[in-house]
Amino acid sequence: MMDDDLSPLRDAHEDIETARDIPDTPQTRSPAYRLAFADDDFLCRPELRPVRLQLELLKPEMALNEENIASTIVLFGGARIPAPQDRATARTATLAALSSYYDEARNFARLMTERSLQSDGRENVIVTGGGPGVMEAGNRGARDAGGRSIGLNVVLPHEQAPNEYVTPGLCFNFHYFAIRKMHFLMRARAICVFPGGFGTLDELFEALTLIQTGRMERIPVLLFGKEFWNGIVNFEALAEAGTIAEEDLSLFRFVETADEAIEAIATWDHAGEKRDTIPGRAE
């Protein structure tokens with residue numbers, strides 16, 4: 001792709017400014033006269049959905065490439081899980097008890113980021129959904145280590161502002177859940193899933209389905225909190241029923257602590273040999 005600084009063609013930004021400085025006439029006031037790429041009403045039309053999908057794919061991809069981020073460690077988990085000091089405000093006793101996973105997520109992100117920074121900080125960058133709860137803990141842990149982290153927000157009726165610990169230049173906002181989930185997995189080296197609700201379950205099972213069906217390389221999928229997950233999903237019953245294969249139970253492991261997760265990633269074994277680094281790119 002040609003660098004705009006070297007192109008003999010007029011820059012699009014210049015034309016936007018020029019188009020604003022024109023006589024006010026019935027013709028120039030008409031929406032038809034607006035530059036197509038600067039016309040929000042036009043870009044939001046239903047017919048432009050394919051363009052919007054492409055834009056949401058391209059914008060974060062280009063930004064992450066420009067920041068030289070080669071791989072990520074994904075943290076999924078509940079937005080409602082409080083930090084331990086805030087457990088008294090939790091809406092249920094269970095959520096209050098789950099607050100320990102806030103600290104585990106924060107500690108895991110710190111340890112992983114410290115390892116990332118031992119090289120050049122391009123590999124194994126923490127990525128979360130950018131919201132509160134476990135997501136906040138992940139971004140916070142990366143900042144504790146002095147490293148960068150990514151936040152992939154999505155427009156919701158609530159939780160609009162990203163948490164304060166996401167690296168500002170790596171904080172993105174999405175309209176399409178599907179494109180957002182693609183970005184979670186496109187650079188993933190491991191997926192760490194903490195207790196959560198519908199959104200966390202959706203993200204977990206999409207990743208497991210992609211791996212199970214060979215649409216994505218096998219990478220570590222770690223479920224923090226065996227008691228929680230076995231109370232939510234009877235994985236063994238799925239295998240016993242035959243709706244998944246017995247070997248599909250090896251697609252993930254349970255862990256309880258940040259240290260266990262670090263060890264599991266370092267020694268992940270699916271093919272009879274241990275690997276120190278596990279590539280994973282979703283196509």
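Q: In which sense do strands S1 and S2 pair, parallel or antiparallel?
A: In this predicted model, strand S1 covers residues 72-76 and strand S2 covers residues 125-128.

Q: Which residue of S5 stands opposite Val74?
A: Strand S1 also pairs with strand S5, which is made of residues 188-193, and this pairing is parallel over five bridges. Val74 belongs to S1, and the residue that stands opposite Val74 in S5 is Ile191.

Q: How many of the five residues of strand S1 are buried?
A: Thr72, Val74 and Phe76 point one way from S1, whereas Ile73 and Leu75 point the other way. The residues on both of these sides are buried, and strand S1 is accordingly described as mostly covered, with the number of buried residues being five of five.

Q: Is Glu256 buried, partly exposed or exposed?
A: Glu256 lies in the loop between strand S7 (253-255) and helix H12 (258-266). Its relative accessible area is 34%, and buried means under 20% while exposed means over 50%. Because 34% falls in between these cut-offs, Glu256 is partly exposed.

Q: Which residues gather with Glu256 in a patch of negative charge on the surface?
A: A patch takes residues with over 30% relative accessible area, and Glu256 has 34%. The residues that gather with Glu256 in this surface patch of negative charge are Glu227, Asp259 and Glu260.

Key:
Residues numbered from 1 in each chain as written. Predicted model: local features only at pLDDT ≥ 70, side-chain atom pairs only at ≥ 80, totals over all residues. Heavy atoms only, no water. Patch = residues over 30% accessible without salt bridge, like charges linked within 9 Å, V, L, I, M, F, W, Y side chains within 5 Å. Areas by Shrake-Rupley, 256 points an atom, 1.4 Å probe, with all protein chains shown as cover. Salt bridge = Lys/Arg side-chain N within 4 Å of Asp/Glu carboxyl O. Lys, Arg positive; Asp, Glu negative; His and termini not counted. Charge placed at Lys NZ, Arg CZ, Asp CG, Glu CD. Helix = DSSP H or I, 4+ residues; strand = E, 2+ residues; numbered from the N terminus. Buried < 20%, exposed > 50% of the residue type's maximum accessible area, 1.4 Å probe, protein only. Pairing = 2+ DSSP bridges.
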